[in-house]
Amino acid sequence: MSTRKRSTSGSKKQLKEKIVQIYEAFFRGEDQSSGNPNFWDEFFLLKPKVGVIEAELVKLNTEQLLILKENLNTLFSKCISMLGHDHQIRVAHSLQTLCALIKAGFARTAIDVNCDIIELLIGGGAADMQMQLLIEHCSDILTSECPVPIKALCLKMMVLACTGNDNIAQNPFFEFLTQHSVFESLVHILCQTQGRLELGQDAVVVVTLMACYRKTGSANPYVVKLSMLDDELALTAYAQVVMASLGEFNERYVQSRQAEPQSSWLSSLTSMVGSMFVSDEAEIRIGQVKANDAGLLALYQAVHLNRHFVGIIAQSLADVNPPTASPEDSEMANQANQADITNPNNATSGEKNNVALPPSVDVAMPTSNLMATYLEYCSIVMQDTRSEAAYHSTKLCFLILTCVSEDEYANSLMHDPGLTFRVPLHRLPMRHRKSLTDKTPPFRPLVCGLLDLIIEFILSHLMKKFPHELYELALGVVLRVLCHQKRCRLRLSLCPWKELWAALIALLKFLHGSDSALIRKFDLFALATQAVNILNLFVTFGDTFLPSPQSYDDLYYEIIRMHHVFDNLHAMALRYSTGESEFRESAVRLSAALINVRAIGQHFKPKVEMWMESQKLSTPTQDQILEVVRSHYDSLTLKLHESLDAYERYAERPPVAAFLSSILRSVVSVIRSTTDPSSIDAHRLLLESTAPTTPTSPSAPI
């Protein structure tokens, strides 16, 4: 039997795809459409090669680029005109080609600072007309009944156009998208059931990035329209897009925790947290935390601009894309419904949640509330504030909580005793405790989970590299919550008041013990005054919002028991206020703030000692001390501090604006590096035989 000898000479040239041959001829300056009137119709039937276009364009020198400019302009123009074609494959391939040209154009401008992408791809003279036509085609595609993959490609193209330059102020596409707004088209995507899961994330990304453009000065239509959006379906879908992103992160964290259940606290910290945040040096800047900053920024923009959205995040979210339940899931849901009937706190929430939860819930089970999911996410991210990425993410998380805690409607929902949720919080493993996560967190109002989160942050970050900015934001959130409770005279017995008082006193003790190191970095007296004034708010107005007289007594007991902390803090403030310290005035304010808490200790401590002497006791119980306290309330004199329940409303002042700009640059960079238009297989459209055609013409020019 004869066999054919395989050639190994390599003399034959490797066969190239027809589209690659066309690209190569195109970038040599050849006009292949000359004499072939059907060239472009045939061209857009061939599957584009995004990588080839980018590689060919980047390797050209300046002279070659000038020669090819007319060809590039023609190709870009033909792509735009093909968007109105009734053949779905041609539309999809034209969108992919546009994605390739935009991506390659920005890659070219990155290596040639004198290269303008609009001039390169479109030509200055035709830019306004061509971009208006392109945006109108995009709006028509997004609002029509096109197949989902075509809409996905359209959104990918817009995402690439918005993320081509880290500095969005220098991205010319933003100006065109501002002049011809696509906000309504993006909202339409969120309001439609078909494709919401596939398209929602990119739609929210475009809205977020456009809302960040020119926030000051001239009016940004995206900022105005986002702030006025009151479509509950669109806002709910927006919230669910963010919740899905954060929920996926939470689930991955829980799975990583469960992978090594027998590890020690140190190895747990390294493998569970470190593996997510700093898997290696090259991935610190583009790790799991940074990848979620886009969702955080979208949440921040909506919370900061739209008052209706602030209320949405604190409500239960009915699934706008409900999955098909298996028989086992249905049986579990029925059992959960029967069990929850007996829970008085869950009776109301079960009706509002419309989500079946079993009595014993593992932390991996997704919550049905964006605020609950968000608080769980915060508890994970804030564990590692030593890395820059996690520090910035935690700061953005606390800015969002600041906006939420200022809103009256959101506060009323978070304090509603009939609207309860399970909020699983993850705690950092420490030497004096194991890593703790409640597998069956109780049903409580959301404000309880919020306070638990702040308490955990205060206690777990008393370290050498002290994140004072985060502490200032955290205490600001607590103050806003307390002001709402005082104003509305709300009494919630489930709030962790004792734990909050203990955390505040632990913070003050740490500031006193580390004053020599911290005073060189920031004004620790201002932070201490924040903590003391929260205690003053409890002392002065606690009878209006603490759940019972016993709680008020417990507050006094804690202050008396830890009176030495306040005395030491007062001595430190006097030392700095009488010297030449730059924080002298701040130290004086701290001394004034300590008057009442020190007066409580000075008033009751002698009374307790006298009673102990009369009873011949050396170690009295808490109840015995409280009995002495109750009998001497009348003789206590306190000073009425002013403006304890006042705070400065949040606004994007220059320091915050600079921080948000750095976050935005990071978000743009990460999205650009992870957006791949070639990942969408346009040939799936062949299976959509019954899908309607795309619009054949854009709307009339403005």
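Which residues have the most contacts inside the largest nonpolar core? The legends below begin with that core and refer throughout to a predicted model.

**View 1. The largest nonpolar core and its most connected residues.** In this predicted model, the largest nonpolar core comprises 227 residues. Met158, Phe309, Tyr374, Leu511 and Phe538 have the most contacts inside this core. Helix α8 contributes the largest share of the core, 12 residues.

**View 2. Surroundings of Phe309.** Phe309 belongs to the group of residues with the most contacts inside the largest nonpolar core. With neighbours within four places in sequence set aside, its contacts are Leu235, Tyr238, Ala239, Leu299, Ala302, Val303 and Leu370.

**View 3. The second largest cavity.** At least two lining residues come from each of α7 (127–143), α8 (148–162) and α9 (172–179), and α7 gives the most, with four residues.

View 4. Two or more lining residues are supplied by each of α21 (388–406), α24 (468–488), α27 (524–541), α30 (584–593) and α33 (654–674). The largest share, seven residues, is that of α24. The lining is made up of 15 nonpolar, seven polar and nine charged residues.

**View 5. Cys397 and Cys378.** The structure contains zero disulfides, and Cys397 is accordingly in none; the nearest cysteine sulfur, in Cys378, is 3.7 Å away. A disulfide requires the two sulfur atoms to be within 2.5 Å. Cys397 is buried, with a relative accessible area of 1%.

**View 6. Cys448 and Cys495.** The cysteine sulfur closest to that of Cys448 belongs to Cys495 and lies 4.1 Å away, which is too far for a bond. Cys448 has a relative accessibility of 0% and therefore counts as buried.

Definitions and conventions: Residues are numbered from 1 along each chain as its sequence is written. This is a predicted model: local features need pLDDT of at least 70, side-chain atom pairs count only at pLDDT 80 or more; totals for chains, interfaces and linings use all residues. Side-chain values use heavy atoms; hydrogens and water are left out. Buried means under 20% relative accessible area, exposed over 50%, partly exposed in between (1.4 Å probe, protein chains only). A nonpolar core is a set of buried Ala, Val, Leu, Ile, Met, Phe, Trp, Tyr and Cys residues joined through side-chain atoms within 4.5 Å. Contact means heavy atoms within 4.5 Å. Ala, Val, Leu, Ile, Met, Phe, Trp, Tyr, Cys and Pro count as nonpolar, Asp, Glu, Lys and Arg as charged, and the others, Gly among them, as polar.
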